Amino acid sequence: MYAKSVGFVLVLTLTTAAQAPDASDRFYQAIRNDELAALRSLIRDAGVDAKDRQGQTPLMLASAFGSPEAVRLLLASGAEARAASGSGVTALHWGAVSAAKVRLLLESNADVNAVSQIGRTPLLV
């Protein structure tokens with residue numbers, strides 16, 4: 001009976017863990033849905049520069065998919081504007097299509113000369 005109970009608890013725990021989204025997924029959802037309160041909570045709990053499997057930070061996600069307000073919040077919380085992903089892409093690469101995001105990133109010392117692994121700079125995206 002004890003072995004069955006332990007097995008059930010283990011299966012339940014693994015199933016629950018498999019269903020819980022990781023921090024990068026939660027950051028993406030909060031940024032994509034412009035849920036700034038959720039974003040603040042994630043920054044507090046997971047850290048402002050938490051990286052996903054590709055080495056992308058929440059600031060990169062906000063630059064690509066979020067609002068200027070999300071970018072502003074991350075920068076005000078200490079996000080590193082010069083951070084690069086595993087492929088050398090920065091938040092400025094992602095945000096280059098938005099003048100408001102570019103302005104915020106440049107004011108935070110983003111690197112306009114950062115070169116990705118395929119040779120792209122933010123100005124050549």
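Before starting, one term: a residue is buried under 20% relative accessible area, exposed over 50%, and partly exposed in between (1.4 Å probe, protein chains only). This is a predicted model, in which local features need pLDDT of at least 70 and side-chain atom pairs count only at pLDDT 80 or more, while totals for chains, interfaces and linings use all residues. Residues are numbered from 1 along each chain as its sequence is written, and side-chain values use heavy atoms, with hydrogens and water left out.

**Exercise 1.** Find E35 and decide whether E35 is buried, exposed or partly exposed.

*Solution.* 
- Step one: look in the loop between α2 and α3, where E35 sits.
- Step two: take its relative accessibility, 41%, and so E35 counts as partly exposed.
- Step three: look across to G66, which is 31 residues from E35 in sequence and 9.8 Å away in space, C-alpha to C-alpha.

**Exercise 2.** Describe the chain as a whole: how many helices and strands are there in the chain?

*Solution.* 
- Step one: count seven helices and zero strands. Helices (H or I, at least four residues) and strands (E, at least two) are DSSP runs, numbered from the N terminus.
- Step two: turn to burial, where 36% of the 125 residues count as buried.
- Step three: consider contacts, meaning heavy atoms within 4.5 Å. Among those between residues at least 6 apart in sequence, 61% join residues at least 24 apart.

**Exercise 3.** Work out how α5 and α7 pack: at what angle, and how far apart are their axes?

*Solution.* 
- Step one: the angle is about 10 degrees and the axes lie 9 Å apart. Axes are lines fitted to C-alpha atoms, for helices over the stretch in contact, and angles run from 0 to 180 degrees between N-to-C directions.
- Step two: α5 and α7 are therefore roughly parallel (angles under 35 degrees).
- Step three: P68, V71, R72 and L75 of α5 meet A100, K101, L104 and L105 of α7.

Note on methods. Angles under 35 degrees count as roughly parallel, over 145 as roughly antiparallel, 65 to 115 as roughly perpendicular and the rest as oblique.
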